[in-house]
Amino acid sequence: MAALIAENFRFLSLFFKSKDVMIFNGLVALGTVGSEELFSVVAFNCPCSPARNYIYGLAAIGVPALALFLIGVIWNNHTWNLVAECHKRGTKNFSAAATFLLFGSIMGRAAVAPITWSVISLLRGEAYICALSEFVKPSSLDKFPSGYGAEVLAKFPCRDVPANLTKFRDEVTRRLRYESQLFGWLLIGIVAVLVFLTKCLKHCCSPLSYRQEAYWAHYRSNEDKLFRRTAEVHSRILAAKNVKQFFGFVALDKEEKELVQEFPVEGVQPSPQWNAITGVYIYRENKGFPLYSRLHKWAKGVEGNGPTPEGHELLFLAS
């Protein structure tokens, strides 16, 4: 039990990637800020109508945030590694804690853009003012004329109000913008505290030294780049051979001819090899020597930790 707990903490500490991910998250946030600004200038147009304001204001904040969240989940490689892991090996090798942490990692990275969108929307205040202007109680406004209700208050964001209500419109707008920006700053503070606690927990629970963790990050990055580059060349050469076999010749440029001559491709990798290097993988060791990826593990000929190659392949994900 103690070993399982230790390995689950290892899962938590190592699932948060290197500084490259922080840079990527920063770029995502900046791109989201620019998109939100463009949306506010070009697309946002409060209907200034009772009942419609609330729906439109919430949709302006929530729908783009939801779309950005789903895009973040789709673009996260861990999502598809998890799908492949469940499809090929099932969920029996996952403990509840490890599964929770895995989903937390995916959701946390996907939340960068929608949180940024929500924060900027709240700090700007237009959507919040549009959504809640009609719900301001006239009794809370000093000397507000009688006979005016939600229909007039709903028009405050559009500045389409009688002259005698101009000062009340300014007061309502100022009050709602204050609330909106307060919620925005609180959201920033909560996220900052969560990020700080996560970083502290990561460094406290990491089983690796700082230098080895940095080396592992470099290895993952280099392996991914080389694998993608090699896969592209391999597939091009294989395609050239197949096209030549069909037509009797293949039209290659000079660079492609050199690739075909330099790297002879005899065939394709069988499905079991692809399955062996695909799926969720967190750092593990074999007889004291580190294995930095599924490809590294396959290259070393290391099978699963259980009695069968497919069983309990990841020790700290085993239930």
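This note goes through the core, the salt bridges and a charged patch of a predicted model.

1. Ground rules. The model is predicted, so local features need pLDDT of at least 70 and side-chain atom pairs count only at pLDDT 80 or more, while totals for chains, interfaces and linings use all residues. Residues are numbered from 1 along each chain as its sequence is written, and side-chain values use heavy atoms, with hydrogens and water left out.

2. The core. The largest nonpolar core has 21 residues. Such a core is a set of buried Ala, Val, Leu, Ile, Met, Phe, Trp, Tyr and Cys residues joined through side-chain atoms within 4.5 Å. Buried means under 20% relative accessible area, exposed over 50%, and partly exposed in between (1.4 Å probe, protein chains only). Those with the most contacts inside this core include Phe44, Phe144, Phe156 and Leu165. Two or more residues each come from helix 3 (52–75), helix 7 (126–132), helix 8 (150–153) and helix 9 (166–205). Helix 7 gives the most, with four residues. Helices here are DSSP runs (H or I, at least four residues), numbered from the N terminus.

3. Tyr128. This residue sits in helix 7. Tyr128 counts as buried because its relative accessibility is 12%. Its C-alpha atom is 10.0 Å from that of Pro157, 29 residues apart along the chain.

4. How many salt bridges does a search of the whole structure find? There are six. The criterion is a side-chain nitrogen of Lys or Arg within 4 Å of a carboxyl oxygen of Asp or Glu. Glu171 pairs with Arg175 at 3.3 Å, N to O. Both lie in helix 9, four residues apart, about one turn of the helix. Glu171 is partly exposed at 25%, and Arg175 is partly exposed at 26%.

5. Arg169 and Asp170. These side chains also meet in a salt bridge (3.2 Å, N to O). Arg169 is buried, at 9% relative accessible area. Asp170 is partly exposed, at 33%.

6. Helix 10. Arg228 bridges to Asp224, with the closest N and O atoms 3.0 Å apart. The two are about one helical turn apart because they are four residues apart in helix 10. A network of salt bridges with shared partners joins Glu232, Arg236 and Glu256.

7. Negative patch. Asp253, Glu255, Glu258 and Glu262 form a negative surface patch. Patch residues have over 30% relative accessible area and no salt bridge, with like charges joined within 9 Å. Asp253 lies in the loop between helix 10 (210–247) and helix 11 (254–262). Asp253 is partly exposed, at 40%.

Terms used
Patches are made of residues with over 30% relative accessible area and no salt bridge: like charges are joined within 9 Å, nonpolar side chains (Val, Leu, Ile, Met, Phe, Trp, Tyr) within 5 Å. Accessible areas come from the Shrake-Rupley method with a 1.4 Å probe; for residues, only the protein chains shown count as cover. Lys and Arg count as positive and Asp and Glu as negative; His and the chain ends are not counted. The place of a charge is taken as NZ of Lys, CZ of Arg, CG of Asp or CD of Glu.
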